[in-house]
Amino acid sequence: MHPIRTSVLALSITVLACLKLFGQTPEVPWADTMLAKRLIDESRQLNRAGDHHSALEKAREAYSIYTHWYGGQHPSTAKARMYVAREYRNLDQEQTALALFGQSLPIFETAADTFRMAICHLSIALCLRDLYRCTEAHQHLQTGIELLRPDSLQQATVIADLYVGVGSVFNTEKNYRAA
């Protein structure tokens, strides 16, 4: 993060902490959403470090902030919900993760965000694979592949992940030749 942005964020958090200390609760959505973005970044870092319980708590906090300010049907809230769902999946709670990913998908469809839609389909497919619902997993993977363009570097990496997902579902089905 840029040093000036970090300083502004630190100052904003300090001001909010002081106001709360004196019993004042200001309505400052920008400060909360800046905090939510930081919490998402921290959740990502904790996820990479394998600390899924702490990553889940950070993602939940961010999700709560976005839900408070934007409601449950906003793309920022849906994105935060996906981070919560990812951690539930990493903690082997696929049913919970599946429900959360499923709530995010229609929001990205409404926003015509094909990139996030594809990531949702991939995440849903991985949950379904772990629940041995392989036919549905294949359908979500195929939908995700069809949404993206291979000429975009960012999208090509997700397409590669989708194809790895296809192989992992075949592996779960014990269809090793197809995998």
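Helix α4 passes helix α6 in a left-handed crossing, where left-handed means that the near helix is turned anticlockwise from the far one by less than a right angle, and right-handed means clockwise. This is a predicted model, in which local features need pLDDT of at least 70 and side-chain atom pairs count only at pLDDT 80 or more, while totals for chains, interfaces and linings use all residues. Residues are numbered from 1 along each chain as its sequence is written, and side-chain values use heavy atoms, with hydrogens and water left out. Helices here are DSSP runs of H or I with at least four residues, numbered from the N terminus.

**How α4 meets α6**

- The axes of α4 and α6 cross at roughly 20° and come within 11 Å; axes are lines fitted to C-alpha atoms over the stretch in contact, with angles from 0 to 180 degrees between N-to-C directions.
- The two helices, α4 and α6, are therefore roughly parallel to each other (angles under 35 degrees count as roughly parallel, and over 145 as roughly antiparallel).
- From α4, the residues Lys79, Met82 and Arg89 meet a group in α6 that includes Arg116, Ile119 and Cys120 (contact means heavy atoms within 4.5 Å).
- Sorted by type, the residues of this α4 and α6 contact are five nonpolar, one polar and five charged; Ala, Val, Leu, Ile, Met, Phe, Trp, Tyr, Cys and Pro count as nonpolar, Asp, Glu, Lys and Arg as charged, and the others, Gly among them, as polar.

**How α3 meets α4**

- Helix α3 (residues 52-70) packs against helix α4 (residues 75-90) at an angle of about 160°, with the axes 8 Å apart.
- That makes α3 and α4 roughly antiparallel to each other, and their crossing is left-handed.
- Among the residues that meet here are Tyr63 and Tyr66 in α3, and Ala80 and Val84 in α4.
- The contact of α3 with α4 has eleven nonpolar, five polar and three charged residues.

**A look along α3**

- The buried residues of α3 are His52, Ala55, Leu56, Ala59, Ala62, Ile65 and Tyr66 (buried means under 20% relative accessible area, exposed over 50%, and partly exposed in between, with a 1.4 Å probe and protein chains only).
- After α3 comes Gly71, which has a positive phi near 85°.

**Meet Ile124**

- Ile124 sits in helix α6 (residues 114-130), and its 4% relative accessibility is why Ile124 counts as buried.
- Leaving aside residues up to four places away in sequence, Ile124 touches Leu98, Phe101, Gly102, Leu105 and His140.
- Ile124 and Ala99 are 25 residues apart in sequence, and their C-alpha atoms are 8.8 Å apart in space.

How values were computed: Angles under 35 degrees count as roughly parallel, over 145 as roughly antiparallel, 65 to 115 as roughly perpendicular and the rest as oblique.
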